[in-house]
Amino acid sequence: MKKLYFVSVALLVFSLSFSQNQEESDTVTTGNNKSSFSLDYYFGVGMLYTDALDINPFLSESNVPTVRRFPFELSVGLSGSFGKNKIDFEFGFYNQERDDNGFGHKMNSTQLTLRYLRRVVKFENNNQFFIGSGLMLGSKDLEFFDKNESIDLSDIGSFGDVAKLDNSQFYISPTIGYSILSSDDNEEYLRLQLSYELNLTNNDWESDYARVNNSIDETGNRWRLQLIFPF
């Protein structure tokens, strides 16, 4: 884990020093654009590759299918650009459901991300390569269900067992991105972005509806691959 923190810091230091050298050589071509600011909206589609949840072995022991490690997500965001810098503010979400013979779970996840990117390479076709880092707050709701149960609204005791857990984590994410610009108006129309999200908090599972005994800490990290479409 310490090595991964060192890598994220090293990426930021490298991007800043490299970009500073480029600015000194590009002052003639950039002109007033260095101080210009633009604000764009975007939506994104992505895939996460997560470490296996620490709660998964306990789900298996209770005959509940484990949570998959490859969720697909959607996101919307704001991106501010000034000079060689980008700052993104993003909301992402995904849900997945899995059951076996009627007994299973449903996972809902949301995340807020604040991300800084610095351009380190500008190619002849005006495409750009970025390095940066982000901070993310993620929250998961895990619901258990048994579709074989029946509910009698006149008998509150027939509602069966209810189980809903939630888990929140705080991440830091070294990030690289590649922006593809339109040849007509020199506007970004696609950004490919790869992040590695490091779990800083390792919080356990909680519930708003019951006391959770012998709760499990979630310690996993995850990769995040995104396609971002400005509009």
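Strands 6 and 7 make a hairpin, with six residues between the two strands. Asparagine 186 sits in that turn and has a positive phi of about 60°. Bear in mind that this is a predicted model.

Threonine 175 stands opposite serine 195 in strand 7. Strand 7 itself (residues 188-199) is mostly covered, with nine of its 12 residues buried. Strand 7 also pairs with strand 8 (residues 222-230), again in the antiparallel sense, over seven bridges. Here tyrosine 196 has tryptophan 223 in strand 8 as its bridge partner.

Now for the rings. Searching the whole structure turns up eight aromatic pairs. One of them is phenylalanine 43 with phenylalanine 229, a stacked pair at 5.3 Å centre to centre with 25° between the planes. Those two partners are 186 residues apart, with phenylalanine 43 in strand 1 (residues 37-50) and phenylalanine 229 in strand 8. Both also belong to one aromatic cluster, together with Tyr41 and Phe231.

How exposed are the rings of that pair? Phenylalanine 43 is partly exposed at 38% relative accessible area, and phenylalanine 229 is partly exposed too, at 27%. Tyrosine 49 and phenylalanine 70 make another pair, with centres 5.1 Å apart; their planes are at 45°, so this one counts as tilted.

| Charged end | Ring | Distance to ring centre |
|---|---|---|
| Arginine 191 | Tyrosine 42 | 5.9 Å |
| Arginine 222 | Tyrosine 171 | 4.8 Å |

Key:
Residues numbered from 1 in each chain as written. Predicted model: local features only at pLDDT ≥ 70, side-chain atom pairs only at ≥ 80, totals over all residues. Heavy atoms only, no water. Buried < 20%, exposed > 50% of the residue type's maximum accessible area, 1.4 Å probe, protein only. Helix = DSSP H or I, 4+ residues; strand = E, 2+ residues; numbered from the N terminus. Pairing = 2+ DSSP bridges. Phe/Tyr/Trp six-rings, centres within 6.5 Å; stacked < 30°, edge-to-face > 60°. Lys NZ or Arg CZ within 6 Å of the ring centre and 35° of its normal.
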